[in-house]
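Here are my notes for a first look at this model.

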Amino acid sequence: TIKCDGESSSIEGKLLEKLLCVDYDKTQRPVKNHKTAVNVSMAMHLKEYYVNEMEPSLVMSVWMTLSWKDEFLTWDRADYGMETVNIDSSNLWRPTIETMRNKEAGSFEKSCNDHKCEVKHNGTVSCISPCTYEAHCSSTNVDWPFDQVLCTMYFSSWMEFATQINITADTNISREFLHEDRSWNLLSTETEALVPTREESFSMVLYTIILERHMGVYAAIMTPGFMVVVVSLAVLWIDSASSDRLHILCATCLGHYIYLEYIYWHLAYNTKDVPKILLFFRDSLLINVLTLIFTIVLRHTTPRKNTSERLIDRLALRAASTSLGCMLLQVDHTVDPKLSQRSWGENQTDPENNRHAENGANGTNGDTVNLVVDGYDGNNTSFTVSTKQHRTGLGIIFMDPTINCEASTDPLNKEGKLLRNLFCFNYDKSERPVKDHNTAVNVTSFMHVQNYDVDEGKSTLYLYVWMSISWKDEFLNWDRAEYGIDKLIVDSSEIWRPTFVAFHNLNSGNGDSACANHPCELKPSGIVLCVPPCQYEALCVSNTANWPFDSLKCTMFLGAWLEDVNQINISRKSNITTGDIEMSHAEWKLQSAELLHIFLPDNTSYPSLEYIVTLERHIAIYGVILTPGFLMIIINLAVLWMNIGSTERLYVLCATCMAHFTYMEYLYWRVPYHGENVPKLLLFFRDSLVINALMLAFTIILRHTAPKGDSSERFVDKLACKVASTSLGRLLLQTEDQNDNKQPGTTEGENAERGNANTLRSDSVDGETVNLVTDAPDRNASTLREASVEQQHAKVVIIFMDRIMFICFVLCYVFMVCGLLPKENI
């Protein structure tokens, strides 16, 4: 602070007293002609930075240099022998330059620390100060982790047009003293001075910064995911009948699911787009599940006996006849594709042990049986940057709000004279600005939403807005012809303001805490326009039953605190607009915003406005998150087609039970903690877990269920046999027609005896004749036939019950999916 009440003994002190203590007014622009613009040049020296991916925004620590000419701070070097003098910035006029920041529009904290300025003898002022800025960034997760961010930052005057303050950028951002960030590489910086297109427009400087993510650590992070994909492909070369293939596929399914969740938690919530890498592993998980299903199908799919040759059979034999086919199918020798229908029938694969055996019996009563073993093995398994002015935060340097009414001399320019005449004689900012106390002040309010955020835990919407409020002050008018001034810029603390309060704000009991201090614009007619940055809170109502397809309906009341409708009247022209939102929210999309005027018939009521904002949740990312859950359901249904006696079926069902439990816990932590309704999606997977447990229980029961030999035939036995006698039933139950097993020209007894004889197998694959002596008395043939029929009958009944269980569970899932569809958002 310069002491003007005493006389300094030093030359520098005398110079400072001469410059600042006589007629200098730091609240007035430093020009002698009020029509002259103050030219301000900017230079930024970047020291360090980091990227906040959750916003997204770029936080920079810089040295900011501002230079302009003050026509009132000049002296003759010959009188003082000094070319420059250092003066604290608080003692000088400073340009009200702001930067459009991200969120926090309701705070006017300083971005720069206090600093000293260098003043030259010709009036040139240069101020260098350490500052911290937060720049807007536009980013998309589509190319993550190969993504880039484009950050923009606008510098502009607060309320002064380009005809009053003209801002220019001499050079680009300097990186001479830059300390690079570990995670992001600075690719390029650009500086552009936006030329005003009309007189009543603001002078602006645009800084554009492009950064690229470092790829070092992500190369190691992504390696396990691609290794899982490689294992999923390599396992296809294992025999489909091998249990190892089934176990590995189940393990890779679990590996895909874990890796998907791992990538998901590494992503930043800064965009509604889904990364392509996340979609890649989602599709890879789907392919893995399909591979598991096809493996189950191939394990229980074999050519039937005495059936015509299929197209797939011919294609397989033709491929096996080539050298490349032998290498791909891993067979030892080529196969002649020109096999006759008779040869095809003779070389059918037995469904029990995948080996053909043909018996020629010379006797049936203890005689020698000639068994011819064929040597052929039939098991051949094969940025644009928007230049729109985006005011979402406050700038760097502020004008002293106090108007100097105690100066002994008149101001040097017309702006100072006008300010003194308006505010220094009989103006009382505590009184309503009307000459007749029975007259209401008409106030028009426009809310410009710049940004928003949602706290789902508190069910609260945070609105970061510029609140444009205008009214007429009958005591603040002047004759334009006398002063030649079209408008004045004054601080809001110097004038009367309507006390608007958001009734739902939890942390603010008055209007001053919700909105920051700000300059206002005065017109000769007395029209006052104030555009303060404010932060409001709206209470929201949501039905979490439809999560993640839910919506939010948020309501906020804004009105006068103590003045009734006879003192303050809110104009019907008041409105709300969301067109200034440049950065969309990652989680919520703003659907609509409307304003309702509340006018009660009682004249003593307080005027208020009701703002209703509707938001809808983005579901793109949830499409990937929900995929593993529904793939578990597909595996549950597919496993019912496995053999009921297969141990792998029990293993897979136990694994899906554990996966259901883990997935339910994951969804539970993702659901927001508000709303009394349980999300239908959580109930869906709860019921799916119950179905999974029932599948496991029924599988265990069916493995130990068989009709008793001495009991009467049950209804389910009759129904199973009736279904198995139809073509559709044989397809559903995967059984063969009994008539296809009979040899032509033989009786049923002979076919039964031949069938019993066919149960004999040999380990020889050389095509040699093996002589076996069997004791097959006639008295035992009937008993063997009856046992074989009963065993086949029991197998058909169990498969039939298994298919009934499959159909029932499919219908259950269909009804559950229908109930999962959202009916009403709120």
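**Notes on charged pairs and a helix contact**

1. Start with Arg-686. This is a predicted model, and in it Arg-686 has a relative accessibility of 40%, which counts as partly exposed. Its salt-bridge partner is Asp-687, with the closest N and O atoms 3.0 Å apart. Asp-687 is partly exposed too, at 27% relative accessibility.

2. The structure as a whole holds 15 salt bridges. Side chains of opposite charge can pair when their charged atoms come close.

3. Look now at Glu-521 and Lys-523. Their side chains meet in a salt bridge, at 3.9 Å from N to O. The cut-off for a salt bridge is 4 Å. Is Glu-521 buried or exposed? Glu-521 counts as buried, because its relative accessibility is 9% and the limit for buried is under 20%. Lys-523 is partly exposed, with a relative accessible area of 33%.

4. Which residue forms a salt bridge with Asp-802? The partner is Arg-649, and the closest N and O atoms are 2.7 Å apart. Asp-802 sits in helix α19 (residues 778-820), while Arg-649 sits in helix α14 (residues 647-670). The pair therefore ties together parts that are 153 residues apart in sequence.

5. Check the burial of that pair as well. Asp-802 is buried, with a relative accessible area of 2%. Arg-649 is buried, with a relative accessible area of 0%.

6. Now the helix pairing. The axes of helix α5 (residues 276-299) and helix α13 (residues 627-638) come within 10 Å. They cross at roughly 5 degrees. Angles under 35 degrees count as roughly parallel, so α5 is roughly parallel to α13.

7. Which residues make this contact? From α5 come Arg-282, Leu-285, Leu-286, Val-289, Leu-292, Ile-293 and Ile-296. From α13 come Thr-627, Pro-628, Leu-631, Ile-634, Ile-635 and Ala-638. How do the residues of the contact divide, and how many are nonpolar? The contact of α5 with α13 has 11 nonpolar residues, one polar and one charged.

How values were computed:
Residues numbered from 1 in each chain as written. Predicted model: local features only at pLDDT ≥ 70, side-chain atom pairs only at ≥ 80, totals over all residues. Heavy atoms only, no water. Axes fitted to C-alpha atoms, helices over the stretch in contact; angles between N-to-C directions. Helix = DSSP H or I, 4+ residues; strand = E, 2+ residues; numbered from the N terminus. Parallel < 35°, antiparallel > 145°, perpendicular 65-115°, else oblique. Contact = heavy atoms within 4.5 Å. Nonpolar A, V, L, I, M, F, W, Y, C, P; charged D, E, K, R; others polar. Buried < 20%, exposed > 50% of the residue type's maximum accessible area, 1.4 Å probe, protein only.
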